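Please read this briefing alongside the sequence and the 3D view. It is arranged by topic.

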Amino acid sequence: MSVGLAGMIALAGCKKSLNYTPEVFVAQPQVFKDQAGATAAVTGIYTQLQTLKRSDYALIGIVGTDEARCTYQSQGYGDYWANVTGLDVYDIKFSSQNYQLSGFWQDCYIGIANANAAIQGIPNASIADPTVSSRLLGESRFMRALFYFYLVQLYGDIPLRTETTPFSAGVKRAPAADVYKQIIDDLKFAVANLWVKSKNPGIGRASVEAAKALLGKVYLTQKDYADAKTTFEDLINTNGLTLLTDYSQLFDGQHENNAESLFEIQYSTDANNTQGLQNLFGSYAGVPVPGEAWNSHTPGAGGTVVMATAYYSDTVFDKNNDKRYLASIWPHRYDGNGNTMDWWVDPGLPTIKKYDISSSDIDIYNSGKNLYYLRASDVYLMYAEALNELAQTGAALAPLNKVRNRAGLQNLEDAWGRTPTQAELRTELLDERMRELGGEGWRWFDLKRTGTLVSRVMTHNNPHAYYVIYNSGDAHPVQNITDKNNLYPIPLNELQTNSALSLTDQNPGY
Amino acid sequence: MQIPRISGHGRFFRSIVHPRILFILFALGFILEVSAQQRQVQGVVQDAKTHSPLALATIHVKSKGVPDVTKITDSRGHFSFNAAPGTSLEVTYTGYKSIQLTVNDDSATVTILMDAVYGKLEDFVFIGYGKEKKPDLTSSISSLSSKDINELPATNLASAIASRTPGVEVHSNGYAPGSGNSVNVRGLNSITQSEGPLYVVDGVAITGDIRDLNPADIESIDILKDAAAAGIYGSRAAAGVVLVTTKHGKAGLATIDFSMYYGVQTPNNPYHMLDAKDYYNLKKFAFNDADPVTYAPDSPDTKFFNQYELKSIANGFKTYDWLKAVTRSAAPMQNYSIGISNGVGKNKVYFSGNYQDQKGIMINTGYTRYAGHFSIESDINSIFKLGGTVNVDHNVTKGVTSSVYQNALTQSPLMPIFDSTGAPLVITDQSTGTLTIRNPMTSALYSVNNYTANRTMANFYIEVTPIRNLVLRSSIGADLLNAESDVYYPRNTGEGFSTNGSAEVYNTKSTDVLWENTATYTWRKGDHDLNVVAGATYERRENTAMDMKGQQFPTDLLTFKNMGSAGIKTQDNTNYDGWIVQSYLARAIYKFKKRYILNLTGRRDGSSRFGQDNRYGFFPSASVAWRLIDEPFMGFKLKSFLSDWKIRASYGLIGNQNLPYDAIYTRYNNAQYPFNGSNATSGYQVGGTAGNPTLEWERQHQSNLGMDIAALNNRVSLSVDVYNKNITSLLLPFNLAPSSGFYNEQINVASMNTKGIDINFQATPVKTRNFEWQMTFNWSRYKSKITHLLPGRDSVSLSLRVGQPPSGVLVNYVFDGLYQQGDDFTLNPNGKPGDIKIKDLNHDGKITPQDQTIVGYNIPGGWGGLWNWFRYKSVTLTVLASYEYGQQLNNLPYTNLTYYNSWFGNIGNVTKEGGNCWTPTNTHTNIPRPNAFATSLKPLPGGPDQGSSYSIQKGDYIRIKSITLAYDIPGAVTQKMKLRNMNVYVQALEPFLFTGYKGLDPDNGNPTQLENYPRYRTFLVGVKLGL
């Protein structure tokens, strides 16, 4: 009997018994076992893009440009929002410690890490159909290019991590040219291996069309106009581009993944799949008695963080004829009952309408509305830009006019009564891009590409200068943009935690 | 009446001893018995004070030449025995001092008076896998008996030990019925992985708290404080070990104990808000101050107030008392317990049942508990013994939305609470269907906020004694918890209106099974005394959780009960995790001449939470004690004064296995993406925290030096313990480069040191036949500081730095008075006179986060309790007080209730003190200028929520925790009523709090948590009776 007990003691101490793995999650080897796992891991890359663009990080590219700016009270909401305002007025908050700026960096690299893991893992997964395997690889490389394209434009030289870099390794900043080389490499692979839009198993997946459009944009950004032109022509001739007839349908929430769309970021009203941009772009829809509950379903309602600049909301449009004006701008402000009411002194200007929720959305913090990344009119305007830069100004008018005609405007040469010069068209295209694509996240990159960031921001987005005429001793922040702001600062925590970098590896001026 | 007692030994021998030998023995006994001169003597055993009879007292009758006889008193305390010249009696009774006396030659009756023992001076103390006499302890252990525990009608164990045990800090997590407590043994023991102590109930280690255990079922609590005491629990002992022993059947006749109390709780609110007239003036002033154009002083009232408020103004500033509306003026509380013990024969059984119902001081809140407890111990024969304990508990907590109390405080006193139909006044906008006027009454009345727990803690064992001195024991224990929290906010509440009802059902289930096998060997020869325990244990725990949240319900009628009808599911999640710990343990206690005592303990733990190469850890400890009092050199003179004197020393290593259960794995998390804009597709995403398979235990090296001294026949006693803890390998998240795609990984890197002292003093200043006064006093303090953080860095944040405590460091901006007319406004260009001024610590001309500094420590300089017990004849008075001093609290709730326009309720009411705010004509005040848009706090980069050193307040306090007046009904009366004993009492709980702190309660680490529920006083009447 005591022998039996001693046996029990020994049994209780059996070594093997400690092998207990929590089963609520999986690790790398389980994920890339089969097609289902590999597909799920690619889905996770898209999720990261959805995360990046669902809230205030999406303001990068929009504020701090000539189309949109932060309200002055957004600064007073607290330190966090003062950081958001920093993106707009390039003040002391526009530093290596800015939350949005470092968060944008981090979120892009999480996307890259997921893409890298997929690019490394997919070849090991047992997938019967090789075209599926190469499509999944193509999607992963498209997404990696997308994230790197954001980073290289914003931050310049950046750590270039690919599927062979261990995550714990410190990585030096690679020259921007190397990053672009990797991006073009990835996109060429994507063009060759992705499926066309109509054949894709899921509508939101990256397609050949999206990859060509993005590749063209990358060439354009690099001022490689010849390759840009070829790429756009290939897209237009081989795959075709469609514009919706009614511009306002693009943003009514009822025409998601339409014929014009090449790649859009998908949201839905399911938990964790919503975006909250209207909270940033809308304005208070107060109730008559202060302090009572706000209505988060009123048209145009929101947290009064971002307004259109006077240039975008008041100047750039031919308000009477351009159909895009009322589809892009809320000229009125509404109270909780849906009645129009006066604007405050600030914002004082209309808000951007493109993110406003529709009846099928939950509220301004939770909208299921998709966001455009690439659409046909963007390609037409980029094509026009490439042609104009190649001194084919006359030919550039054709794609531009497609966009103008859809907006209810005459051909440019008819409206002007003459053909513009190359320089005139350059400026006109920049304005046209604002009319067509305003508030969609490309403005900062357009201005940087065309070398007009500092001058246009100083001219059109200096709230203090603007408001001083209404109010002496005005509290609006002063615009501080200078040439150094053509590059964002590298986040401080990257310099501190990346063992291959030191604090001196910062962009100039920060 | 005599109870024949058949001992297991006797029967065993009968079966193996030859019948003939048995006959001879029997005959011998017979001869001896008849040869003595014998006579029948009657005895009675009574309580020395009350003279009430003591049933079931055990009397050993010893006469020369006759085998000892054991007698047990009947329900009237009577017994009879055969006495011969020189017969002596040894009387024992649980809770009383044992007595030995010799029977006089001629007395026919003997009356034995027994003195009740308070405290556990002579009792056994549980030490984990065994027990030890208190005088022989080598380490630091605090003990409480059931009498101590049941002095207060505590709903959970933690509040029963609060302020009774030195070195143990108990803070309340709130006033709401059913709220838990946080318990720290000797300060904090980790930076990131702090948990309360390990609770061990009847040998079963419990993960998490034990608030579901009914305190009335507890026989004793022993708190193992130093490493040598706790070391037998190895890797789980770092935060101390609380051993809980539940009630067992006692040898003797069946007894029934019944107790009940009934009481009421009345509000004890520290906040006094402005009345309607003052509120009216302040609001108008504040709006005018913020926007003199829109809200000019001569603007009509309609600019400021809604139609209902205007009506109240017209009615001569009718004031509505919102706080009164959401609270009960007298909330009843009742409790009934019955316990039955039966210990006749080979089986000892104990059964108890308990019902408790506490209505909360806030309407629609409360706590109900049904508890059952069953214990059996059965001697099969001299070799085998079986036993088991089952605790079953079902409790329901009805909570309240956290905002109700705050909103009631800040609600406009001009607003009517109810409409003409008697329903809470809410205004729904017909055109949009939304709520335009919110009312906290709707949340209080209509929202559902229930927490239901079902818990079973059970333990069964078999003990085998194959040879003398060796006991083998195998036990299986289980802790099964199933808890569910149900929440529903209907559309007429502030929380549910914009979502058309929102619901959550959160269900957690945990299963913990522990199998332990131990062998205990005792050996005694001459001056040597050895006790060795060795064993192996295996524990497996599994947790599952299910969380569902939904919105957009078609009707409020079904509340949370039909999640399927939710229009939108905002959460739909399950979780599953668990771990295995498997250990070997050993302990040897060696005593030489009963005065030199050595204790060696070791435990080797293996845990599945760690990576392959780091699963095992060894945790050894050693302790010694020297009983100076028993030394021959202690002279007679000294000994007549000193009754006890002992020195203890210990050193040991204990661990902390609490790390996130997935910390060693790089996990792929669930991700979703709605391809085609609607249907979400599931995916995986990697990121966040990277796994680190090289993680190890947090290690604590603790040394303890203690002394126990008692004098004047134990009338005065003192225990002092000083300790030093070096805690190393502390887990910290180590930030990875953001470009890696991961945020951080956990590494074992930091270390800290804690030094402290615990003192316990007991005295019986007065002891006469009619009047007696006993008291105990304890005082504790500690100092913790971080000695090492990340490599090359001596700070992680402003509050986490080398040289500072691991938590409780209050970092904030420094309040520098209010701006006055003509001041320099460089630091706050938007500021106006009356705004808060912040010190520019780094003199850069701006207020930035770098201007924050340490403005206080939320760590007590010392704390403890004072217990006083007075008896006059059969009446006793008990007063228990607790105190704490030296800690500072960031009293944001009070500050925000005092500033006009706080984050509580944008334009709400303020305290009466807040009415004395800065105005151009009232500049000598520290209350800032009222303003509707919070500009006075605007310069703070953290925004208005963050406050400044302005809200740091001293948390020193003395609290009278209870005053109890009790009367023991005299034995003559109880005998007539056929009762064993009866006690009636009245009690006041937390009647007084003396503090300069201006918030709800200084006894809380995080003041904002407490602001959810008001304070109250409780008055009880109760009765305890024994059958």
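Predicted model: local features only at pLDDT ≥ 70, side-chain atom pairs only at ≥ 80, totals over all residues.

Residues are numbered from 1 along each chain as its sequence is written, chains are lettered from A and ligands numbered from 1 in the order in which they are written, and side-chain values use heavy atoms, with hydrogens and water left out. Helices (H or I, at least four residues) and strands (E, at least two) are DSSP runs, numbered from the N terminus.

**Helices**

- Helix α17 of chain A covers residues 422–437, and its 16 residues should span 22 Å at 1.5 Å a residue, which agrees with the 22 Å between its end C-alpha atoms; the expected span of a helix is 1.5 Å times one less than its number of residues.
- Among the buried residues of α17(A) are L425(A), L429(A), M434(A) and R435(A), where buried means under 20% relative accessible area, exposed over 50%, and partly exposed in between, with a 1.4 Å probe and protein chains only.
- After α17(A) comes G439(A), which has a positive phi, near 75°.
- The buried residues of α6(B), including Y279(B), Y280(B), L282(B) and F287(B), pack against α7 (307–314) of chain B, contact meaning heavy atoms within 4.5 Å.

**Sheets of chain B**

- One open sheet has three strands in the order β4-β1-β7, with mixed pairing, and two strands pair if DSSP finds at least two bridges between them.
- In this sheet β4 (78–83) and β7 (109–114) of chain B stand at the edges, each with a single partner strand, so one side of each has no neighbour in the sheet.
- Neighbouring strands of this sheet are turned by 30° against each other on average, direction ignored; axes are lines fitted to C-alpha atoms, for helices over the stretch in contact, and angles run from 0 to 180 degrees between N-to-C directions.
- Strand β1(B), residues 39–47, runs antiparallel to β4(B) and is joined to it by six bridges, with V41(B) standing opposite F81(B) of β4(B).
- Another open sheet has four strands in the order β3-β2-β5-β6, with antiparallel pairing.
- Its edge strands are β3 (66–72) and β6 (99–102) of chain B, each of which pairs on one side only, and the twist averages 20° from one strand to the next.
- Four bridges link β5(B), residues 88–92, to β6(B) in the antiparallel sense, and V91(B) stands opposite I99(B) in β6(B).

**Cysteines**

- C70(A) lies in strand β1 of chain A, residues 68–70, and counts as buried at 1% relative accessibility.
- Leaving aside residues up to four places away in sequence, C70(A) touches V63(A), V84(A), T85(A), D88(A), V305(A) and V306(A).
- C108(A) counts as buried at 0% relative accessibility.
- The closest cysteine sulfur to that of C70(A) belongs to C108(A) and is 19 Å away, too far for a bond.
- Over all chains the structure holds zero disulfides, a disulfide being a pair of cysteine sulfur atoms within 2.5 Å.
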